[in-house]
Amino acid sequence: MTSLLEISNLRVSFPTDDGDVHAVDNLSLTLNAGETVAIVGESGSGKTVTSLSVMGLHNPRSTKLSGSIKIPDGDQVIDVVNDDPEKVRNMRGRVMSMIFQDPMSSLHPYFRIGKQLAEAYLVHNPGKKEDAKKRTVEMLDLVGIPEPAKRAKDYPHQFSGGMRQRVMIAMALMNTPRVLIADEPTTALDVTVQAQILTLMQGIQKEFNMGILLITHDLGVVAAVADRVSVMYAGNIVEQGSADDIFYRPMAPYTVGLLNSVPKISYGEKQRLQSIAGQPPSLINLPSGCAFSPRCTYIQSAPAGSCAATLPDLVGISPSHVSRCHIPESDRPQVFSHVAGGK
Amino acid sequence: MLTFVSRRLVYAAITLLIVSMAVYAIFAILPFDPAALTCGQHCTALVIRANRIKLGFDKPLWEQYWMFLHGVFAGRTYGVGSAAFHCPAPAFGYSFNDNMCVTELLQQKLPITLSVAIGALILWLIVGVGLGILAARFKGRWPDTASSVFVLFGTSLPVFVTGLFLLIWVSIKWKIIPISFLGYVSVFSDPIGFVKLFILPWITLAFAFAALYTRFTRASILETLGEDYIRTARAKGLSEKKVLRIHTFRAALAPIVTLASLDFAGLIGGAILTETIFNLPGIGQWTLRSVYEFNLPVVVCTTILAAGVVIIMNLIVDMLYAVLDPRVRI
């Protein structure tokens with residue numbers, strides 16, 4: 001196995017009284033060393049569920065997983081879906097780490113951050129208290145916290161939001177993981193701080209040659225850091241390709257809608273912001289056929305009735321660029337021509 | 001911290017002063033003559049007059065209150081000459097019904113109520129918090145269901161039902177813990193006798209409280225388990241046991257400290273029903289009787305005690321909370 005993470009045919013569903021709710025359907029994805037893969041989509045599209053599944057942090061009593069999530073650990077390859085949860089736990093924080101959306105609530109309010117960081121190290125290196133202390137200060141220093149030895153004795157509430165996210169990153173790095181999952185790491189931060197955190201993550205990625213799985217709905221963030229992008233809608237990947245493919249040659253109507261929804265500074269005064277009409281569908285009651293079809297503005301361009309009948313397959317435009325749409329591929333550049341997107 | 005505590009102590013003193021004034025005022029507007037209640041059947045106009053002067057009821061109200069305050073700090077002597085009697089400080093007055101200084105009576109009653117309250121507190125914390133943890137840990141499985149049955153009974157059975165049930169069955173019918181006629185024994189002089197005397201009152205009180213605490217603990221733990229920082233702890237690779245023990249309990253149990261101290265304070269004011277059922281001559285029974293008998297000095301004393309305990313427990317809770325939660329450090 002050459003990649004750091006290989007998700008194939010992942011299916012996540014929550015059994016409810018009204019039947020299974022498929023939060024993620026047939027998702028495949030790979031992540032290589034030194035690479036940033038972004039998963040983009042609206043709330044409820046299944047991106048966070050995907051990231052939690054990769055960490056094995058789903059609730060085993062209320063979640064059904066199928067497919068496989070393979071992560072190499074030394075000479076062996078662990079499958080998060082099918083292997084013993086204890087094996088997965090042993091990898092968490094060591095082989096793969098995660099940083100979360102809200103640094104305000106993700107750190108334990110009762111413990112000094114030094115203790116929380118050291119704990120992350122001690123889980124996988126039991127008894128090595130001195131090393132843990134040293135490593136804590138090193139990592140705090142690495143993520144740009146001034147006076148790290150002194151600050152390690154502070155409590156989370158004594159840090160600002162951006163500093164707390166740095167602490168979270170330091171915590172995730174305690175065991176030099178190969179895979180870093182960042183679930184909307186900058187969403188809760190000020191714009192100025194967002195850029196700092198992204199730069200920090202890129203620097204660290206280079207230093208450790210990590211693979212980063214970036215979960216976000218912010219296309220600006222994607223444009224800044226992602227190498228490859230997967231766009232999700234209602235639990236399905238609707239388009240997957242290089243960042244350039246997604247931004248300059250979008251091939252799925254949903255991607256086009258997302259790109260058009262980004263406010264542009266070049267808009268005239270008091271021009272209405274563009275949005276995708278309608279609401280994301282309820283996963284319990286998905287529209288038949290293509291889940292996006294009720295909101296799709298290009299539905300006339302597709303063969304009549306096809307959108308409501310079947311979900312289109314994820315078809316390759318090029319080996320690295322795949323998308324789902326019933327509109328004939330040759331027609332799409334012209335149909336989507338008014339895309340305002342781009343970097 | 002020191003300024004915080006001293007400021008709070010000053011507030012406490014002011015509150016207690018106001019409470020005692022209020023109790024005095026209530027008794028002053030009641031339409032009865034306190035002096036007439038000091039001698040029962042043998043009252044003659046002369047005795048009433050003598051007692052009125054002896055106890056200072058002939059003086060204006062503010063002066064009576066001043067004498068009371070003075071007595072609290074300096075002790076108080078009633079009457080003059082050979083008939084005089086003295087209550088040493090802190091004197092809360094003299095109870096004619098018992099022919100004793102109130103403070104002396106308090107010294108007899110308080111250990112009993114404290115024994116009931118402390119024992120019950122320990123018992124209900126162990127049972128309530130323990131069951132709450134189990135219920136949260138095995139949510140939706142049989143320990144959770146079993147604990148909700150316990151909660152149902154605990155919250156719906158009043159103290160006088162469980163108390164009487166225990167008394168009738170355990171003490172009288174089954175004779176497992178026979179009724180003791182020896183009166184109060186200290187835990188230090190006779191630990192076994194002490195437990196025998198108090199175990200049923202403890203169970204009675206703890207049963208009702210433990211049910212509430214089970215519910216509360218369960219809810220608090222489940223809420224904490226949904227916190228983002230618990231997900232972070234799991235993401236570190238910590239075992240579920242450590243996630244619960246290190247990260248969940250401290251945060252989940254902090255509010256229980258508040259609840260427990262206030263419930264405890266309430267019991268010091270008197271667990272009237274429990275004390276009555278098991279015939280324990282504690283503060284609760286004493287207060288109740290004194291209210292019936294218009295025994296002003298006793299009512300003032302127990303009211304101040306109850307208010308004082310609530311204030312002090314609040315202060316302790318605030319300090320404990322600061323220890324538990326660094327965000328409220330003072």
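**From one strand pair to the chain contact**

In this predicted model, A:Ala38 has A:Leu214, a residue of S8(A), as its bridge partner. The two strands concerned are S3 of chain A, residues 36-40, and S8 of chain A, residues 211-216; they run parallel and are joined by five bridges. Strands of a sheet pair through backbone hydrogen bonds, either parallel or antiparallel.

This pair sits within an open sheet of eight strands in chain A, ordered S6-S7-S8-S3-S9-S10-S12-S11, with mixed pairing. S6 and strand S11 (315-318) of chain A each have a single partner strand, so they form the edges, and one side of each lacks a neighbour in the sheet. From one strand to the next, the twist averages 20 degrees.

Next comes the contact between the chains. Here 23 residues of chain A are in contact with 17 residues of chain B. On the chain A side, two or more residues each come from helix H2 (85-91), strand S6 (96-99), helix H3 (103-106) and helix H4 (113-124). H4(A) gives the largest share, four residues. By type, the chain A side divides into ten nonpolar, eight polar and five charged residues.

On chain B, one residue to look at is B:Arg234, which lies in helix H8 (residues 228-235) of that chain. Is B:Arg234 buried or exposed? B:Arg234 counts as buried because it has 23 C-beta neighbours inside 10 Å, and the cut-off for buried is 20 or more. Leaving aside residues up to four places away in sequence, B:Arg234 touches A:Leu57 and B:Val243. B:Val323 is 89 residues from B:Arg234 in sequence, and their C-alpha atoms are 25 Å apart in space.

Note on methods
Residues numbered from 1 in each chain as written. Chains lettered and ligands numbered in written order. Predicted model: local features only at pLDDT ≥ 70, side-chain atom pairs only at ≥ 80, totals over all residues. Contact = placed C-beta atoms within 7 Å. Nonpolar A, V, L, I, M, F, W, Y, C, P; charged D, E, K, R; others polar. Pairing = 2+ DSSP bridges. Axes fitted to C-alpha atoms, helices over the stretch in contact; angles between N-to-C directions. Buried ≥ 20, exposed ≤ 12 C-beta atoms within 10 Å, placed from the backbone.
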